[in-house]
Amino acid sequence: MIWDTTETLPREEIRRLQLERLKKVVRRVYNKVPFYRKQFEKYSIKPSDIKTLEDIAKLPFTTKDDLRENYPYGLFAVPLDKLVRIHASSGTTGLPTVVGYTKKDLHTWSDLVARIVVQAGVTSRDVVQICFTYGLFTGGFGLHYGLERVGATVVPASSGNTKRQIQLMKDFHTSVLVSTPSYALYIAEVAEEMGVNPRELGLRVGLFGSEPWSEAMREELQKRWGLLATDNYGMSELIGPGVAGECERQNGLHISEDHFLAEIINPKTGEPLPPGSKGELVITTLTKEGLPLLRYRTRDLTSIDESPCLCGRTTARLARISGRTDDMLIIRGVNIFPSQVEEVLSEIKGVGPEYLIVVDRKDYLDQLEIQVELASDYFTGKYRDLEDLEATVKSKLQSVLNVTPRVKLVEYKSLERTAGKAKRVIDRRKERK
Ligand code: DLL
């Protein structure tokens, strides 16, 4: 099913709509947001300079630092009395990023989330358990209102208290799970510990997002739960969940292009890259009233595919997010992404999907340790086998990363699980300075 007819517009129509909306948002921020007015003056640009979609490259980028420097409300384009909701991102480094919504923004947001849940196959007959935190994080409330818009029966379970989550699934006949992919895996582990086979809980769709994951993790989730695991992408600054999501074909995340104009740039030079290239995703919000953003640098690495999808939607699709520019670790001068580690591990039998990268510095030299959990069914009882497995993991990681890591095999379930976004990296080098 398709939620909204704009999802199937011919591409020229989408581009026409985008240009009309781009011109409008550029004029609006110029008139309403002093920060943007100053930026335009600094770069000697006028709203009238935007005549085509390509002209967007004339505009300066907006960054997370710009939001922080204008904390909390400095970039808002409406007075506070027009805002009806505030959310904020956790702010692991420094001040949180604050975002605000007008009534119309909330309406749009619910519609955008409705699109992604419908394209994943959710209907009004589903009972949907939301295991995202309800609060300043956009995941809980974002999915909640979109699912209600579709008419699904929402169970606002929030995250944590995992045994209770499983009990709720059983009692309420939950058919759809909303969570981070790592939490979904953890719930399955806890269910198995309780003697419950997750497959017998009868869930049919998983709406997973908010953190990077891999195809191997998708397969694992589909196998453990017996559901269709779909990916969806979003970001608080842009609106929250609902920016892009997979359809049942699981072949890229459809971008709601009538509301977001997506570009891929070279993260080093800021140059726009041609369609299909991999680089940093930059998004301009086309319809947001409360906090419109021009060319927002997401720091997420992906590519865009404009070819038609078998589902009939014409919107361009994002490839799975493969990492963040700021996730990149530089170890002894070599660039390393956590997703590379995940990919290597997914190809080795005997180890599970959970890992932790620990970076430290000793005698001015970077040290890389990768802790890898054994798979749940790994048991031979022979020390020699463990040694062999460790050597295999080490040599495969070494050949892909071009750095020699110390590999530490750890017991199944010994790495920390979280109910939110998984933590894959501990970098102790900062403490050493
Ligand atoms: O995570 C919004 C969201 C909530 C999306 C629920 C999907 C579901 P933030 O907390 O602001 O917003 O974090 C945004 O999370 O820049 C990505 O790095 C990462 N991220 C979000 N979705 C995905 C995904 C929400 N599907 C940041 N795959 C983004 C990979 C994702 N990374």
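Modeller: Two strands are said to pair if DSSP finds at least two bridges between them. The model is predicted, local features need pLDDT of at least 70, side-chain atom pairs count only at pLDDT 80 or more, and totals for chains, interfaces and linings use all residues. Residues are numbered from 1 along each chain as its sequence is written, and side-chain values use heavy atoms, leaving out hydrogens and water.

Colleague: In what sense do β9 and β14 pair?

Modeller: Strands of a sheet pair through backbone hydrogen bonds, either parallel or antiparallel. Here β9 (residues 253-255) and β14 (residues 317-318) are antiparallel, over two bridges; strands are DSSP runs of E with at least two residues, helices runs of H or I with at least four, numbered from the N terminus. Leucine 253 lies opposite leucine 318 of β14.

Colleague: What is the strand order of the open sheet of nine strands?

Modeller: The order is β4-β3-β5-β6-β7-β8-β9-β14-β13, with mixed pairing. β4 (153-155) and β13 (304-305) each have a single partner strand, so one side of each lacks a neighbour in the sheet.

Colleague: How many disulfides does a search of the whole structure find?

Modeller: A disulfide is a covalent bond between the sulfur atoms of two cysteines. The criterion is a pair of cysteine sulfur atoms within 2.5 Å, and the search finds zero. The sulfur of cysteine 247 is 3.8 Å from its closest cysteine sulfur, in cysteine 309, too far for a bond. For cysteine 309, the closest is in cysteine 311, at 3.6 Å, also too far.
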